[in-house]
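Welcome to this short tour of a protein model. Keep the sequence and the 3D view open side by side as you read.

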Amino acid sequence: MLEASGLEAGYLGENVVEGVDLRVAAGEAVAVIGSNGAGKTTLFRAICGMLAVSAGRVRFDGRDITGRPTHRVARAGLAYVPAERHLFPGMSVRENLLLGAYPGRPDPSAFELVFDLFPRLKERPRQAAGSLSGGEQQMLAVGRALMSRPRLLMLDEPTTGLAPKLARSAYQALQALKETGVTLLVAEQQVPLALSLADRGYVLENGRVRLEGASEDLERNPEVRRAYLGVA
Amino acid sequence: MRAVVLDGIVLGLQFGLLGVGMTLVYGLGGVLNLAYGQAAVLAALVVALSLAAGVPALVAAGAGLLVAAAGGVVLDRTLMQPVYRQRGEHRVLLGLLLTLGVAFVIDGLLTWRYPSGALRLEVGGEAVPILGVRMRVGSLWASGISLAVGAALALFFRRTTLGRATRSVIQDEVGARLVGINPAAVRTLIFALSGALAGLVAETRSMTSPVSVTAGFDFTILALIVAVVGGLGSVAGAFLAGVLLGIVSTVSAFYIGQYVTTIVLLAAAALTIVARPRGLLGR
Amino acid sequence: MTAEPDATVESSDGAPLGVSAPPPRSLARAFLPIAVTGALLALVPLWLGDSRLMMGLAVDALVFGAYAVAFNVIFGSTNQLFLCVGALAGVGGYTAAILSEEAGLPMAPGLVAATALATAVGGLLSWVAVRRSLGVIFTGIVTLAFSLAFANLVLGQRELTGGETGLVVAAGEGTFLQERVAAYYLFLGMLVGFLVVFRALERSHVGWAFRALRDNELAAELTGVDVARYRVYAGLTGSAMLGITGAVFTYSDGFISPSTFEFGHVDVRVLVMLAFGGLGTLLGPVLGTVVFAVVDELLVEAGQLRTVLYGLLIIGLFLGFKRGAVPAVADFLRVLVRQARSSAGGRRVRAALARRRPDHPNEEG
């Protein structure tokens, strides 16, 4: 479904991400893992059109979306939830969700899906998004992205600022989401969580793909275990 | 006193609409449009010329609004594009300077070509008593139209998808992009709307006193004051500030004088910035 | 977007808002341009001295040059957008006029009082802006409000100020101030004096602090630069320059009216002059004022169309050049010269040109 080849992108003329090839098939959950500064966010932003691509191509459903502006990428069925979330703080939970379905009005099944995954949001539809707790904001951010029934959902470090228990329940929700058929691409520093959800993973280091493979293989890989799982 | 306050409300409703146009463009695009008042006088001129040419009143009024809105679109699609490519303070500064230049160009052209151009819309009829005060029909029409437009705007922003989309761009532009909203298109729409609002205020204002082509900068400064006091970027704030400042304005003009009134309004803006920068209802 | 844009946001091309090269180290190279300029301008009366009209215009040009240097001190040095250049000069002018006409004060104390008041007002504006952390735009709005309020104050207090018709100021009659050529040299002296002050400030620790706070305000604050204090210094210095210029001009002209000092007349012209000559540069004010004295005179026939031209100039100049047309051209020439000298120059030219134009439409903060 999503295919990035030879992707290079960066800031002020300097490449942060170099020569990245990445593939996500329909129905899969793929994780991109790496430490801070590895280039995960840069990679995601480049895919979504938030950052100019200096080389390479991105294809979504066979169509070339390289360098397409973010709003067009969103309308093509690729929803992105960045680490900063970018909710509309002065608008209510309900309004944030409504806008997720832009340009149309959402169909009721979208609300059902979101409320099933995140029952907390159903309890407080009129509350201003800016006044929600960190965990609730994360739920709202993901919920908003789902309102347009995207085919591919990209999440950048969804556990940012979440206590471990909340992080786990976030991934449970993502698992449930996966089972409804949504394709997932997740960038994550918390490797065990990410690999428990994903079918496949890419390890990013210094802007390049260091390793890739099925999650079980990555979990057993000694380098990965040493660097990211804290095992000697 | 009651008459003065009522007059103040009439004026204030128009101040409010004027401020909304200015505050919307700032909230959305980060641009302080110093050419805003020129849209108002442009509309007034178009209406005056059309009426003189025998065009029926409603059509002339519509033409004025259209020209003002079109002016906004042209400005957004041309000079504002390099401004939008800047960020933060650069953008505001460049936007301010470029629109100042545009204001001079339009002001110069209009005052050169139509040195005595002015619009006065005669709305006939006997004065109507409201709350014991005899109100001119022109004032009532102006207030009615302002209120209706204000309500329409409120509905637009609260209930329609496009209105919500506009608010979302003001609150978080990146977030808006993420849900598929094109901020550039919204900015163009709002520039058009703001032009139309300026034109509308000129037209309603002309129902009670003449609007001349030299009044461009006065409109701009007034809009700026209302927008600042209301809180830059807040539509409700601009409306509220408008009404309050309208009342302050008429009371001050009645009891003290015109020059002092202008100083009071300017001081209100300066004090807001110094004491409470987010204004009445801003974030 | 909330009330005011973040003051520490960098421009999209990475360069900060107002950094400029430090002034030349050697005394000679630092002050030679001023001396040369002064000498050249001193020759003007030899050529135009007979015409009262031309000398009047020349004095006008010098006065605007002085205003522009003052604006450079306030905005060019510390990024405080003071849209009240005319008003501050007007404070000086009207104070001098009123004291001498209504209170019968002789010129010397009148000058001192006028300059003191203008300095105090400008310093207060600076201090308030600094205390309340007002960014460029809010400072601009507040000072614009002051500018307009001052104009209205003058118009409203008709008995004291003569209102719209203005006031005849007799204090300078019979003195050298009102003699064509002598007045010219006085104002030339003032302009040169201001340029010397500007240069001297640049070379001092004050100038170093100015550059630091322009480059990166937060970093400057963290390294111990008291940004607030230096901003107020700049405000005080610039306002003093404006006040004394306004006062001396009033005595010299023998007449004062609101239009002499209004925003549309003074501030706009100063902005255009500096947009051309170079914001924050030493000779930018001089280049700007000379060019615009000529342009303005050529356009005197055009009446209202002059406003149109100013508008177009503002648009063109600020669109095309970040800090001024002349500096941009000078930079470009410098880059060309360097290219001619080295084979790797081609790469540098491209890089320099790329830095000039921000063009990442997809890049978001």
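A nonpolar core is a set of buried Ala, Val, Leu, Ile, Met, Phe, Trp, Tyr and Cys residues joined through C-beta atoms within 7 Å. Here a residue is buried if 20 or more other C-beta atoms, placed from the backbone, lie within 10 Å of its own; it is exposed if 12 or fewer do, and partly exposed in between.

Before using these terms, a note on the source. This is a predicted model, in which local features need pLDDT of at least 70, side-chain atom pairs count only at pLDDT 80 or more, and totals for chains, interfaces and linings use all residues. Residues are numbered from 1 along each chain as its sequence is written, while chains are lettered from A and ligands numbered from 1 in the order in which they are written.

**The core**

The largest nonpolar core holds 295 residues, and A43(B), I225(B), Y67(C) and I314(C) touch the most other members. Helix α3 (residues 52–78) of chain C supplies the largest share of this core, 15 residues. Helices (H or I, at least four residues) and strands (E, at least two) are DSSP runs, numbered from the N terminus. Two residues are in contact if their C-beta atoms, placed from the backbone, lie within 7 Å.

**Where chains B and C meet**

Chain B brings 51 residues to its contact with chain C, and chain C brings 44 residues. On the chain B side, α5 (88–113), α10 (216–230) and α12 (258–275) each give two or more residues. Which element gives the most to this side? That is α5(B), with 19 residues. The chain B side has 31 nonpolar, 14 polar and six charged residues. In this count Ala, Val, Leu, Ile, Met, Phe, Trp, Tyr, Cys and Pro are nonpolar, Asp, Glu, Lys and Arg are charged, and the others, Gly among them, are polar.

**Domains**

| Chain | Domain 1 | Domain 2 | Distance between centres (C-alpha atoms) |
|---|---|---|---|
| A | 1–77 + 158–232 | 88–150 | 23 Å |
| C | 27–323 | 325–359 | 33 Å |

In chain A, 10 residues of domain 1 and eight residues of domain 2 make the contact. In chain C, 10 residues of domain 1 are in contact with four residues of domain 2. The largest share of the domain 1 side in chain C, three residues, comes from α12(C).

**The strands of chain A**

Two strands pair if DSSP finds at least two bridges between them. Four strands of chain A, in the order β2-β1-β4-β5, form an open sheet with antiparallel pairing. β2 (14–24) and β5 (63–64) of chain A stand at the edges with a single partner strand each, so one side of each is left without a neighbour in the sheet. Six bridges join β1 (residues 2–11) to β4 (residues 53–60) in chain A, and E3(A) stands opposite R59(A) in β4(A).

Elsewhere in chain A, four bridges join β3 (residues 29–33) to β9 (residues 200–205), and these strands run parallel. A31(A) has G201(A) as its bridge partner in β9(A). β9(A) also pairs with β10 (residues 208–214) of chain A through six bridges, running antiparallel. These two strands form a hairpin with two residues between them, where N206(A) in the turn has a positive phi of about 50°.

Conventions. Domains from an automatic or database assignment.
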